[in-house]
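Dear colleague,

My notes on the interface follow below it.

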There are 2 protein chains.
Amino acid sequence: MYKVNEYFDGKVASISHNSADGKATVGVMAAGEYEFGTSSVEIMTIIAGEMKIKLSGETEWTTYKKFDSFRVEKDTSFQVSVTHDTPYLCLYL
Amino acid sequence: MYKVNEYFDGKVASISHNSADGKATVGVMAAGEYEFGTSSVEIMTIIAGEMKIKLSGETEWTTYKKFDSFRVEKDTSFQVSVTHDTPYLCLYL
């Protein structure tokens, strides 16, 4: 089954579950800027709108759009900037 | 911002929000069969795995896979069958 989680004082909500592709969360980030840490490899997919992302160690922001995915290595972090409520999928490897 | 909702005795959870594409929910259906009613046109998109769908008035089930979308007209209903926890996006028109 699934579990509902909230982060950043309720500005990010996610539903963790076991999808056909494996352990995942689907969620929404309210407009704003965030930094997430990873404890496993993560594959993030944008579900609507777009996300600006800066992986740790990078100096440039990269924009990802609907159905684009990006990979974040284990034990690192990434910054996110979104201008709208933005739904996403995070798959844990 | 968003709002977390639960249906079918907690077997379906969703997060309603205002994405760049408009009013939407992103959610997860636990494995099982469901029937949803609509009060506006809905565009459903599968985010992982697959969904078997039967629109009201149809006799056949249709299988939709990852990133496939289907349209449900206003004031109708549709049946869903999923074998895994299945994340989806619902866009309201």
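Across the interface of chain A and chain B in this predicted model, the rule finds two salt bridges. In one of them, the side chains of A:Lys66 and B:Asp21 meet with a distance of 3.5 Å from N to O. Polar contacts between chain A and chain B amount to two residue pairs, counted with both residues at pLDDT 80 or more.

As to which parts of chain A face the partner, strands E1 (3-7), E2 (12-19), E3 (22-29) and E10 (86-92) each supply at least two residues of the side that touches chain B, and E2(A) gives the most, with seven residues. By residue type, that side of chain A divides into 15 nonpolar, nine polar and five charged residues.

Turning to the extent of the interface, 29 residues of chain A are in contact with 29 residues of chain B, and the two chains bury about 2,400 Å² between them, of which 72% lies on carbon and sulfur atoms. Within chain A, the residues that lose the most area to chain B are A:Tyr2, A:Phe67 and A:Asp85, which together account for 23% of what that side buries.

Finally, how are the two chains arranged? A rotation of 180 degrees, with 0.0 Å of shift along its axis, superposes chain A on chain B with an RMSD of 0.0 Å, and the two copies are therefore related as by a two-fold rotation axis. The same surface serves both copies, since 100% of the contact residues of chain A recur in chain B.

With best wishes

Key. Residues numbered from 1 in each chain as written. Chains lettered and ligands numbered in written order. Predicted model: local features only at pLDDT ≥ 70, side-chain atom pairs only at ≥ 80, totals over all residues. Heavy atoms only, no water. Contact = heavy atoms within 4.5 Å. Buried area = accessible area lost by both parts, 1.4 Å probe. Salt bridge = Lys/Arg side-chain N within 4 Å of Asp/Glu carboxyl O. Polar contact = N/O pair within 3.5 Å; in protein donor to acceptor, adjacent residues only side chain to side chain. Helix = DSSP H or I, 4+ residues; strand = E, 2+ residues; numbered from the N terminus. Nonpolar A, V, L, I, M, F, W, Y, C, P; charged D, E, K, R; others polar. Least-squares fit on C-alpha atoms with pLDDT ≥ 70 in both.
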